[in-house]
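Please read it with the sequence and the model side by side.

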Amino acid sequence: MSLERPDTADDGAVERTPDELEALLGDLVVDRDDHLNAPGFVIRPDTVQETLSILKEQAGYDHLSLVTAQEYENRYESIYHLKKFDDPTQEVSIVVPADKDTPVSESAEPVFRTADWHEREAYDLMGVEYDDHPDLRRILLPETWQGHPLSMDYDQERPQIASLPEHANPLQEHHKDAESDTMFLNIGPHHPATHGVLHLKTVLDGEQVVDVEPDIGYLHRCEEQMAQNGTYRHQIMPYPDRWDYISAGLLNEFAYARAAEDLADIEVPEYAQVIRTMGAEMSRIAAHMLALATFALDINGDFTATFMYAINDRERVQNLLEDLTGQRLMFNYFRLGGVVWDLPEPREEFFSKTRDFLDQLPESIEEYHNLITSNEIFQMRTIDTGVLPPEVAKNYGATGPVARGSGVDYDLRRDDPYGYYDELDWDVVTEDGCDNFSRLLVRMREVEESAKIIEQCVDLLEDWPEDERNIQANVPRTLRPDDDTEIYRAVEGAKGELGIYIRSDGTDKPARFKIRSPCFSNLQTLPEMANGEYIPDVVAALGSLDIVLGEVDR
Amino acid sequence: MGTAPAQLFPEFLVDTFGLPGVLGEVVASLIGAAVVANIILAFSGVAGPWAKRKITAAFTDRIAVDRIGPFGLLIIPASAVQLLAKELIIPEGVDRPTWDIAPILLPASAMLGFSVIPMGQIGPLNIHLADPEVGLALVFAFASIASVSLVMAGYASNNKYSLLGGLRAVAQNLAYEIPLIVTAMSVVIFAGTLQISGVVGAQTETLATVAGFDIPAWFAFVNPFAFVLFLTANLAEIGRNPFDIPEAPTEIVGGYQTEYSSAYFVLFYLGEFVHIFLGGAILSVVFLGGASGPGPESISFIWFVVKVWGFFLFTQWARAAIPRVRIDQLIEIGWKGMLVLSFANLVLTAVIVGVIA
Amino acid sequence: MIGLMKSMATTMKHALDGKTFTVEYPEEAPEVSPRFRGVHKFSQERCIWCRQCENVCPNDTIQIVQDEQRNGEQYNLHIGQCIYCRLCEEVCPVDAILLTQNFEFTADTKDDFVFNKEQLKNVPWYKGIDPLESRNPDRGAWIGEGDGEIDYQ
């Protein structure tokens with residue numbers, strides 16, 4: 001069957017029981033704090049690097065998926081959610097408590113590069129400080145911000161005042177440095193190619209990029225806190241649509257649904273899972289079409305026909321999604337325990353519309369190949385530019401098409417199955433080019449795979465017996481998961497691994513809701529891809545990363 | 001040489017209205033120049049707000065401007081009013097008056113080029129202002145003033161994107177002007193003259209007759225290789241896709257024109273369109289037999305319009321389909337590819353012409 | 001070169017087939033799915049002032065004012081901040097609030113987007129379609145006919 005993984009029988013893939021892991025870590029483990037998804041080991045705040053390197057090098061946990069920071073009544077806590085790229089079902093959580101008054105713990109950055117931004121975010125929003133961190137600054141909020149908004153003693157009423165010197169005119173008379181002959185250039189936050197409000201601080205030598213540093217946070221809405229203020233049952237579900245708002249909504253809803261259903265132990269009817277899977281793949285097609293469209297726009301420049309053709313195809317998918325969910329972008333279609341509506345009546349019409357779309361898709365894809373991938377100038381521009389070697393991609397926690405374009409065979413739909421994916425026949429797409437072109441190709445081929453999945457789902461739904469069409473499990477109107485239960489669950493979103501960490505405190509609202517945004521980790525790789533290249537390549541690399549600032553900043 | 005070229009436009013005016021002396025010639029020249037300039041302005045006026053939108057819409061499966069007037073044509077005055085009514089924003093620290101001269105220089109340089117272009121006849125009227133002996137050299141000289149304007153704009157704008165755009169414009173124009181002119185030289189060798197009427201005249205003979213149709217000896221048919229070279233270099237010269245890198249909106253925002261607004265922006269925009277039409281006019285003069293075409297001489301202006309607009313259409317087609325090359329690739333194509341090929345073409349042509357003649 | 005030609009041929013094919021994807025709005029109104037969620041319509045006759053919609057609303061879009069006898073006095077909806085999640089319609093036991101297909105509404109200021117119950121009552125249908133039609137078969141499923149106990153809490 002196509003879903004079998006290729007053989008990777010090295011030591012890293014060997015599964016160890018929690019007790020074996022504890023034995024491996026030895027004295028480093030102070031306590032156990034198991035989560036629903038993984039064993040959790042509590043360690044001392046000054047042994048983070050040691051513990052993580054043992055796990056990375058000796059036990060094969062090479063994927064730092066997420067760093068969660070949170071505050072309890074008596075302590076701060078950083079959780080390192082580790083996985084294996086070879087088998088993401090093998091998880092382990094490293095819990096690092098920090099002192100309430102002076103929350104300091106050791107940085108994981110020397111072991112996992114991806115910890116850089118994750119820890120900066122933790123510092124920014126929660127106030128935990130990380131020793132040894134190369135560059136512990138605020139990341140989402142402005143430099144002048146006072147206090148840490150997610151910490152308990154944060155006063156929301158207090159106005160944020162930035163004093164005059166900090167807001168002095170940035171257009172100083174003279175910026176020239178006699179020593180250097182480089183030029184500093186702000187790309188964004190308002191620039192035609194930044195795909196939203198992203199700011200790249202770029203240092204140029206002529207047209208060549210010497211250094212690029214993404215500056216994010218312009219679209220920060222504190223989605224995590226919004227989720228913490230909503231009830232599990234209803235009020236959180238509308239918001240995932242707004243993280244990655246490029247019509248990947250259903251994929252995001254899947255992430256929340258999966259985490260919350262596992263937390264509250266809700267069984268989802270099979271019929272609803274099939275509908276969910278179908279809707280999610282439609283979302284994926286819509287998202288990838290936009291990625292293709294904007295990437296063509298970045299390369300072709302100006303205004304290109306490819307952009308409009310891809311948008312046309314996206315519109316077709318969105319029409320289907322509108323029929324199904326009632327909206328074109330902000331679906332709010334999933335509910336805990338199922339979906340809100342069955343397929344639209346008359347069902348035959350919906351099926352035939354979907355089939356029409358699927359039938360016409362290969363023709364469109366052929367057209368895109370003619371338009372861009374077979375075009376020599378396009379190849380000249382994209383092949384061997386923005387190179388991201390697989391080891392670097394892993395170190396940065398890159399996932400999704402970005403990782404798969406670097407030959408990292410990692411797809412949660414297959415490796416950590418959820419929904420109805422493991423019952424269906426489809427392939428994980430990888431390309432070995434590691435460049436902009438490969439990432440584009442991965443997306444284009446994934447669209448074909450998604451079409452396969454949708455087709456199988458349509459077949460299944462068509463033959464589903466009428467009296468077994470159960471779209472909703474019985475779920476109480478108010479959900480109150482047990483006190484102090486923790487879970488981290490991820491799904492394969494349009495841009496990569498989209499994870500949700502939830503800690504419950506016995507009420508109907510989460511005590512801590514943390515989002516692992518794939519774009520956040522993927523964007524971190526930009527300097528690796530762009531340094532030494534030309535400005536147009538930076539733009540191309542950024543386009544091929546396919547970031548959505550709504551998800552980066554949350 | 002074909003038929004003797006008809007009387008030039010100013011001379012025609014002098015004769016028809018009996019304008020006396022030097023003053024008469026000056027007046028006639030001014031009138032002639034005004035007429036030619038207005039034809040070109042009308043072209044650009046139609047192309048910018050209306051034709052370009054319509055063409056792009058056709059390529060992208062959309063409906064475009066069709067609300068005001070027949071076929072939406074009244075969008076042209078509407079856009080003009082709208083653009084001129086906008087506020088002219090002058091950024092802090094721009095280098096005036098360089099910043100103000102640049103947008104005037106661009107359309108002016110392109111307009112000047114038209115002074116030597118034969119635009120065909122309407123009835124007895126031959127729309128051709130002047131026919132100096134070095135006409136071809138002159139038109140290239142005029143056209144290349146445009147890059148000065150781009151550098152001025154880029155340098156004076158006090159904006160790093162503009163600066164990059166200006167630098168790119170210089171690099172690109174240097175790299176492509178030479179192949180452009182060298183390729184044109186191969187045509188000059190064929191024609192044996194730099195005078196534009198001579199170059200056009202050399203293309204009036206019949207190259208071959210296929211199934212009863214006379215194929216004229218246009219240099220595009222005589223030497224298609226040179227034609228393709230010239231077309232490519234021409235696209236780069238006028239800065240259209242795939243060589244629109246001095247503007248490159250997705251990379252350097254708008255390049256040299258980033259900081260311009262209102263009337264200055266209109267001037268730049270106009271200049272670019274006039275430049276496209278000048279490119280088309282040069283192409284048709286050098287390779288497509290000028291204004292000649294089937295039918296009587298007296299309607300040849302129509303053929304000129306068709307050829308120039310055909311070239312405009314081609315630039316828009318390229319814009320819809322061809323990705324932009326990167327700056328270093330562009331320079332590489334220019335210096336390592338086009339230059340070598342154009343010289344090879346020149347030598348080959350010289351040898352062939354030398355052997356035959 | 002062949003790739004370039006292919007690109008140009010493809011775009012030219014699109015230019016010549018004369019098909020357009022866009023429509024001339026507003027002369028030609030776009031297709032809107034029956035399930036589409038647009039501006040709310042409110043029926044005071046049906047409303048039993050149970051305040052469930054106000055409770056479930058994720059971002060306090062709905063504001064209900066009652067007198068001492070718990071009779072409804074005001075029903076205000078800040079349409080400008082609504083996220084069209086349709087949860088209010090979903091929890092309403094009597095279909096008193098309904099998201100219509102109407103997406104055509106504008107205002108000059110944010111304040112104009114606060115609709116009171118009269119304005120909500122007068123929201124016009126879009127093309128005269130009652131969206132409830134398309135949802136009715138599914139509403140039963142939502143209220144719950146599955147096996148086991150149902151918790152209405």
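1. Basis of the note. This is a predicted model, in which local features need pLDDT of at least 70 and side-chain atom pairs count only at pLDDT 80 or more, while totals for chains, interfaces and linings use all residues. Residues are numbered from 1 along each chain as its sequence is written, and chains are lettered from A and ligands numbered from 1 in the order in which they are written.

2. Overall form of chain A. Chain A holds 17 helices and 15 strands; helices (H or I, at least four residues) and strands (E, at least two) are DSSP runs, numbered from the N terminus. The radius of gyration of chain A, taken over C-alpha atoms, is 23 Å, close to the 24 Å of the globule rule for 554 residues, so the chain is as compact as a globular protein of that length. That rule is 2.2 Å times the number of residues to the power 0.38. Along the principal axes, the C-alpha atoms of chain A fill a box of roughly 65 × 55 × 50 Å.

3. Of the 554 residues of chain A, 56% count as buried. A residue is buried if 20 or more other C-beta atoms lie within 10 Å of its own, exposed if 12 or fewer, and partly exposed in between, with C-beta atoms placed from the backbone. Two residues are in contact if their C-beta atoms, placed in that way, lie within 7 Å. Among the contacts in chain A with a separation of 6 or more, 68% are between residues 24 or more positions apart.

4. Domains of chain A. The domain assignment, which is automatic or comes from a database, gives domain 1 (18-131) and domain 2 (247-478) in chain A. The C-alpha centres of these two domains of chain A lie 32 Å apart. Their contact takes 12 residues from domain 1 and 11 residues from domain 2 of chain A. On the domain 1 side there are five nonpolar, four polar and three charged residues. Here Ala, Val, Leu, Ile, Met, Phe, Trp, Tyr, Cys and Pro count as nonpolar, Asp, Glu, Lys and Arg as charged, and the others, Gly among them, as polar.

5. Strand 5 of chain A. Is this strand enclosed or open? Seven of the seven residues of strand 5 (residues 92-98) of chain A are buried, so the strand is largely enclosed by the rest of the structure. A:Val92, A:Ile94, A:Val96 and A:Ala98 point one way, and A:Ser93, A:Val95 and A:Pro97 the other. Strand 2 (residues 40-43) of chain A runs parallel to strand 5 and is joined to it by three bridges, with A:Phe41 partnered by A:Ile94. Strand 4 (residues 76-83) of chain A pairs with strand 5 in the antiparallel sense over seven bridges, and A:Leu82 has A:Val92 as its bridge partner. Two strands pair if DSSP finds at least two bridges between them.

6. The sheet 13-14-15 of chain A. Three strands form this open, antiparallel sheet in the order 13-14-15. Its edge strands are strand 13 and strand 15 (510-516) of chain A, each pairing on one side only. Strand 13 and strand 14 (residues 497-505) of chain A are paired over eight bridges, and A:Asp483 stands opposite A:Asp505. Helix 5 (residues 249-264) of chain A packs on the sheet, touching strand 13 and strand 14, and its direction makes about 145° with that of strand 13. Axes are lines fitted to C-alpha atoms, for helices over the stretch in contact, and angles run from 0 to 180 degrees between N-to-C directions.

7. A:Thr485. This residue is found in strand 13 (residues 483-492) of chain A. A:Thr485 counts as partly exposed because it has 17 C-beta neighbours inside 10 Å. Not counting residues up to four places away in sequence, A:Thr485 touches A:Leu36, A:Leu263 and A:Ser504.

8. Contacts with other chains. In the pairing of chain A with chain B, 26 residues of chain A are in contact with 27 residues of chain B. By class, the chain A side has 16 nonpolar, six polar and four charged residues. The contact between chain A and chain C takes 32 residues from chain A and 33 residues from chain C. Helix 7 of chain A gives the largest share of the chain A side there, four residues. That side divides into 11 nonpolar, 14 polar and seven charged residues.
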